[in-house]
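Colleague: I am new to this one. Could you show me how to read it, feature by feature?

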Amino acid sequence: MKKLMTIAAGALFAAALALPGQASAQDGEAKATIGVSIPSATHGWTGGVNFHAQQAIDELKTAYPNLTFVLATAGDPGKQVSDIEDMMATRNIDALVVLPFESDPLTGPVKRVADAGKFVTVVDRGLSQPGIQDLYVAGDNAAFGRVAGEYFKEKMPDGGKIVVLRGIPTTIDNERVEAFQAALEGSNIEIVGMEHGDWNRDKAFEVMQDFLSKYSEIDAVWASDDDMALGVIEAIKQAGREDQMWVLGGAGMKQMIERVKAGDEMVPADVTYPPSMIATAIRLTADRFVSRAPMAGRFVIDSVLVTPENADEHYFPDSPF
């Protein structure tokens, strides 16, 4: 899979002496238990996260028999907190890779893991308190919002009225929306409605139904997620307003990329945000215990605008997402 990746300033991925007590790959004795805590497959993107997490774990277990992995999925923040506490109490994990279900409820529990001296990698949805994790792996959320905003500005040079569906209340959602709004500055594009769709197709369908009943004029929708975009499109179709607006989602779902490839006027473009970042996070965390390269800082994966011209580069028919 072709990705554009950047290492943010301050990241450290250089060869150095192994940390005290850390076995190197040459020793063949790297023993560690790595906990992986992620949301359940509540929508397409997290379904992709689950697939890539399990795939990475299976590959690493084969490559490094002395690494043990504990994978837990949670459908809500409370279950995720319980999973992490159980990993600490009964599995004595040496490291935690966590994609928080929500930022606020997970901040305290993850901090307790870090305070206990465990290596912590946070993925995608940052914590509410900075500096807790050793390593942060994510897509470029500011770029995700900026690329979307720039596309709206280019496609709507005369301005217009749009509605916005936000995701789950998290730091990454804030970063995306703030960057999107900043990119619209200087245009005549007016955001007439903005609500949380929780990155969920059914919730987005309901939110879009409300928007359609409130606003007789909507020129475009920033759904900010491909699952939400599908819910939005269904609501628009049921209202018989397909010819009045277009929709921009995000994440690179193959179903949406197919529509972009086909020149669908309702889905003219998409913005990438690969769920395979969880595999990158797990592999980098494993490297902390099996190589001489210390892991610290930020690993950021760029967001790309997908159009009919480059859609083939971002279309993976065998992908689960």
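Colleague: How far apart are the end C-alpha atoms of helix α7, and what span should its residues give?

Modeller: Helices (H or I, at least four residues) and strands (E, at least two) are DSSP runs, numbered from the N terminus. The expected span of a helix is 1.5 Å times one less than its number of residues. Helix α7 covers residues 226–239, so its 14 residues should span 20 Å; the end C-alpha atoms are 20 Å apart, which agrees. Keep in mind that this is a predicted model: local features need pLDDT of at least 70, side-chain atom pairs count only at pLDDT 80 or more, and totals for chains, interfaces and linings use all residues. Residues are numbered from 1 along each chain as its sequence is written, and side-chain values use heavy atoms, with hydrogens and water left out.

Colleague: What caps the N-terminal end of α7, and what follows the helix?

Modeller: Look for a polar contact: a pair of N or O atoms within 3.5 Å; within protein, one must be able to donate a hydrogen and the other to accept it, and residues adjacent in sequence count only if both atoms are side-chain atoms. Asp225 is the cap, with a side-chain oxygen 2.9 Å from the backbone nitrogen of Asp227. After α7 comes Gly240, with a positive phi near 70 degrees.

Colleague: How many residues of α7 are buried?

Modeller: Buried means under 20% relative accessible area, exposed over 50%, and partly exposed in between (1.4 Å probe, protein chains only). In α7, 10 of the 14 residues are buried, so the helix is mostly covered. Among them are Met228, Leu230, Val232 and Ile236.

Colleague: Which residues have the most contacts inside the largest nonpolar core?

Modeller: A nonpolar core is a set of buried Ala, Val, Leu, Ile, Met, Phe, Trp, Tyr and Cys residues joined through side-chain atoms within 4.5 Å. The largest one has 103 residues, and Phe152, Met208, Val221 and Ile282 have the most contacts inside it. Helix α9 (residues 277–290) gives the largest share, 9 residues. Now take Val221, where contact means heavy atoms within 4.5 Å. Not counting residues up to four places away in sequence, Val221 touches residues including Phe152, Val232, Ile236 and Trp246.

Colleague: How is a pair of aromatic rings described?

Modeller: By the distance of the centres and the angle of the planes. Rings of Phe, Tyr and Trp (its six-membered ring) pair if their centres lie within 6.5 Å; planes under 30 degrees apart count as stacked, over 60 as edge-to-face and the rest as tilted. The count here is 7 aromatic pairs. Phe152 and Phe180 are edge-to-face, at 5.4 Å centre to centre and 90 degrees between the planes. Phe152 is in helix α4 (residues 141–155) and Phe180 in helix α5 (residues 171–184), 28 residues apart. Phe152 counts as buried because its relative accessibility is 0%. Phe180 is buried too, at 0%. Phe152 also pairs with Trp246, tilted: 4.6 Å centre to centre, 35 degrees between the planes. Trp246 is in strand β10 (residues 246–248), 94 residues from Phe152.

Colleague: Which residues form the aromatic cluster?

Modeller: Tyr151, Phe152, Phe180, Trp222 and Trp246 form one cluster.
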